[in-house]
Amino acid sequence: MAFRNIYIENPARLSIKDKQLVVSQSKDYTIPVSDIQSLVIDNLQTILTAPALSFLAENQVAVFICDQRHMPCAVLTPLGNYSRKLQALNYQLSTTKRFKDRIWQKIIKQKIANQATCLKINDKPKVPELEHLSKQVIEGDRAYCESAAARLYFINLYGEGFSRRVDNVQNAAMNYGYAIIRGVIARDICSYGYEPSLGVFHSNELNAFNLADDLIEPYRPYVDLWVSKNISEDERYFLPKHRRSLVSLLFTEVEIDDEYRSLTNAIRKTVSSFSSCCRVNSTKFLKLPKLITLKQHEYE
């Protein structure tokens, strides 16, 4: 089972030799590709060979490329590794409007519940209000509970003057963490043969990852919790140590389906359960994460 998340911060040449990823810098480092879950390339002087890209894709490694602002701007997702792609696509296309509305209801209900837990862990107010909103979510969230929760959540978590529209380190950290998790979700969606642009709620024709943007929602509070614990309001710079730590969130422990898994494995559980839901056009199999205090998952 893959368990490594590799972060490339300094110039390097990446190649493949004997099924190992070779990272050539002042000296060579080798890592078995079968051990790698994700690879984040955060240096524009890095050279990556075509055979390396091909082999990483064949082995289901999510490869992220970062831009000059150190934000992920591209992700390599695998194609053709699922043996029944057309069957999966037909399942996805045949889902009903009511099915989609019920999936979205479950997603938003759990997202708001996780936001309430995030406030509770931080000893912040408005926890009962968010818990109440979570219970009020209806099919398709037609009462806009998600928006109402967001108005309470962010200003109580980060302070009265906080806005998601401001260009600051807190928002940069959240955007970075969301992008990493979104890419892993997109990787798993493709590995199950589903089309990531076909969402249950998000439907932007310019967005190739609408479904990933649906399924990420209950995972966002994991990033928010990390930011609340590690980035102060007056932080001036989004540093490499912050980015490395956010990538390592993929190792954090998640409660899902009455089990404890790494965040990466929890994502796979969510995508797998969504696939099961599509096959029978029922939401009862959907598995979503419950937020707990951040700690690294320990493999037995």
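**Exercise 1.** How many bridges join strand β2 to strand β3, and which way do the two strands run?

*Solution.* Start with the ground rules: this is a predicted model, where local features need pLDDT of at least 70, side-chain atom pairs count only at pLDDT 80 or more, and totals for chains, interfaces and linings use all residues. Residues are numbered from 1 along each chain as its sequence is written, and side-chain values use heavy atoms, with hydrogens and water left out.

Now look at residues 13-17 (β2) and 20-24 (β3): five bridges join them, and they run antiparallel. Strands here are DSSP runs of E, at least two residues, and helices are runs of H or I, at least four residues, numbered from the N terminus; two strands pair if DSSP finds at least two bridges between them. Within this pair, Ser15 stands opposite Val22 of β3.

**Exercise 2.** Place the strands in their sheet.

*Solution.* The order is β4-β3-β2-β6, an open sheet of four strands with mixed pairing. Its edges are β4 (28-32) and β6 (47-48), each pairing on one side only.

**Exercise 3.** Describe the surroundings of Asn122.

*Solution.* First locate Asn122, in the loop between α3 (97-121) and α4 (127-136). Then follow its side chain, which reaches the backbone oxygen of Cys118 at 2.9 Å. Finally, leaving aside neighbours within four places in sequence, Asn122 is in contact (heavy atoms within 4.5 Å) with Leu157, Leu225, Ser228 and Lys229.

Note on methods
Polar contact = N/O pair within 3.5 Å; in protein donor to acceptor, adjacent residues only side chain to side chain.
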